[in-house]
Amino acid sequence: MRRWMVALTAGSVLLGCNAEPDGRDRYIGFEASHATTRHVLIVSLDGAHEFDLERYVAEHPSSALATLVTRGTQYTNATSSRPSDSFPGTLAMTTGGSPASTGIYYDVSWDDKLSPPGSACATRGATVTYDGLANVDDTVVDAELDPGKLPLDPDAGCTPVYPHRYLQVNTIFELAKAAGYRTALTDKHPSYELLNGPSGTGLDELYTPENDANGVKKDITKATAYDETKVQAVLAWIDGYDHTRTAQAAVPGLMMMNFQSVNIGQKVGGYVDASGTPSPGLAGALDYVDGAIGRIVQELQTQNLTQSTLLIMTAKHGNTPVDLSLRRAIAPALIDATVESVAPGLLAQNTPDTISLLWLRDRSRTRDVVAALQANAAALGIEKIYSEATLHHAYGGTLALVPNRCADIIIEPQPGVIYTTSIISTKKVEHGSFNDEATHVPLVLAGPGVAAGTVHVAVDLRQVASTALKALDLHPQDLDAVRLEHTHRLPKADDDCTISPCD
């Protein structure tokens, strides 16, 4: 299995080729042809690694994925967000920012200023839940958010905080819609209304069948059937309809979708060896995704949209471990108990996956908690602890942008460790980690103005946002997070920085 270590700290500032440190967009970077680009389609193969793409293309040279790689630019050293969760990964691509500026570290997090659901704002400090558990009923496909399960804002009349209000920066959908483009998104939870942005108006169409329903997360066949509903939505958009095909609508200038099939294929089937050979179930999921991508590309051609559509294919996150012999499940309750041993009631929130994000009710006890965790590092499977200065450095020195949201401690576990309860301990892999397996994702661009070639320098998913906007002849600097984090566009295949890292 080929791997490249991505030489970036989480949230680090990417200056690109000849970039100006003040964030001005004066550098040689990716340039889609503004004269012909009228549509951008972003596709996430959730869970996919760069090596998954490379293996598949090598073994299936006539596949849709191989054709896409051949005619486009492949970025072999792309990293997702840190943490490598769906929410920060999606937001990286759609805001140009890390959690330091978006204020969102995970789909379940903590906010010092908000109040718990049902509390009538009598107290401050609340767990913020935006996964399927925020729905009225997460067992039905057409789920809706339940206002009674949302955190409350004491500073806004004790009103429920919907996901789009929780986001601290604007999105590419807001800018595209303001410029007159139709916008459309399909993803896995109703909480992805998040991408409407703070204005609440960024999306013309939002289709979010719930992936917690009908056992989708435990069955590869059900996962591919679930994904097919979203593929049909994208095909309808390309054909000039809404996702139901019951009403005609302009082809979206900006559309985005995700696949769950590879993610579920990894969690249920996994890999058969340390080199990343897929299990039969995972191999079938990859075949399905390849066929679906092929149908989407064919429909663009049928509608004469190939020469006017920039296709961006990547993944919000990878999954780990690939080598299942390393897998070790550790109960999050052990971490909880360690924190509480410092002071009862100290732990505000623990969000566990292949990482553990800890929020404390009293930040002055952070060093005491770190000491307790270090004393129990072996039992807790801890490899590295980020807190205070190390956490601040990991996010490029910008954590103070949203201080009421910052995790106080982030635990990066040893390779193979998953913090999971016994109820879901059969899950073979998970995400969230800062490590290479979880963050080294595929990234391919194809469309007008995109040269066939390969870029090996380090890039990250935040650069997708600037690239998408520039392709539509919009201004990346109109994104709040781009200005805050000095995020730039993706380099072209023929830029000098493909030979050596840019200054």
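Is Cys158 buried, partly exposed or exposed? Cys158 is partly exposed, since its relative accessible area is 26%; here buried denotes under 20% relative accessible area, exposed over 50%, and partly exposed the range in between, with a 1.4 Å probe and protein chains only. By this criterion Cys406, at 10% relative accessibility, counts as buried.

The structure is a predicted model, in which local features need pLDDT of at least 70 and side-chain atom pairs count only at pLDDT 80 or more, while totals for chains, interfaces and linings use all residues. Residues are numbered from 1 along each chain as its sequence is written, and side-chain values use heavy atoms, with hydrogens and water left out.

A search of the whole structure for disulfides (pairs of cysteine sulfur atoms within 2.5 Å) finds 1. This disulfide is formed by Cys121 and Cys158, whose sulfur atoms lie 2.1 Å apart. The torsion about the S-S bond of Cys121 and Cys158 is about 105 degrees, so the disulfide is right-handed. The pair links distant parts of the chain, 37 residues apart. Cys121 belongs to the loop between strand 4 (108-111) and strand 5 (126-129), and Cys158 to the loop between strand 6 (152-153) and strand 7 (159-160). Helices (H or I, at least four residues) and strands (E, at least two) are DSSP runs, numbered from the N terminus.

Nonpolar cores were considered next, a core being a set of buried Ala, Val, Leu, Ile, Met, Phe, Trp, Tyr and Cys residues joined through side-chain atoms within 4.5 Å. In soluble globular proteins, nonpolar side chains tend to be buried together. The largest nonpolar core has 94 residues, of which Val40, Ile42, Phe259, Ile312 and Leu443 touch the most other members. Helix 9 (residues 280-302) gives the most to this core, contributing 8 residues. A second, separate core of 18 residues includes Leu347, Leu373, Ile411 and Tyr419. When residues up to four places away in sequence are not counted, the contacts (heavy atoms within 4.5 Å) of Leu443 include Glu50, Tyr75, Ile312, Val459 and Leu490.

Strand 11 (residues 309-314) is largely enclosed by the rest of the structure, because 6 of its 6 residues are buried. Both of its faces are covered, with Thr309, Leu311 and Met313 on one side and Leu310, Ile312 and Thr314 on the other. Two strands are taken to pair if DSSP finds at least two bridges between them. Strand 11 pairs with strand 1 (residues 39-45) in the parallel sense over 6 bridges, and Leu41 stands opposite Leu311. Strand 11 also runs antiparallel to strand 19 (residues 443-446), to which 4 bridges join it; in strand 19, Ala446 is the bridge partner of Leu311.

Strand 8 (residues 183-186) likewise has both faces covered: Thr183 and Leu185 on one side, and Ala184 and Thr186 on the other, are all buried. Its pairing with strand 10 (residues 254-259) is parallel, over 4 bridges, with Thr183 opposite Leu254. Strand 8 also pairs in the parallel sense with strand 9 (residues 205-207), over 3 bridges, and Thr186 stands opposite Tyr207.

An open sheet of 3 strands shows the order 18-3-21, with mixed pairing. Its edge strands, each pairing on one side only, are strand 18 (440-441) and strand 21 (459-460). Strand 3 (residues 78-79) and strand 18 run antiparallel and are joined by 2 bridges; Thr79 has His440 as its bridge partner in strand 18.
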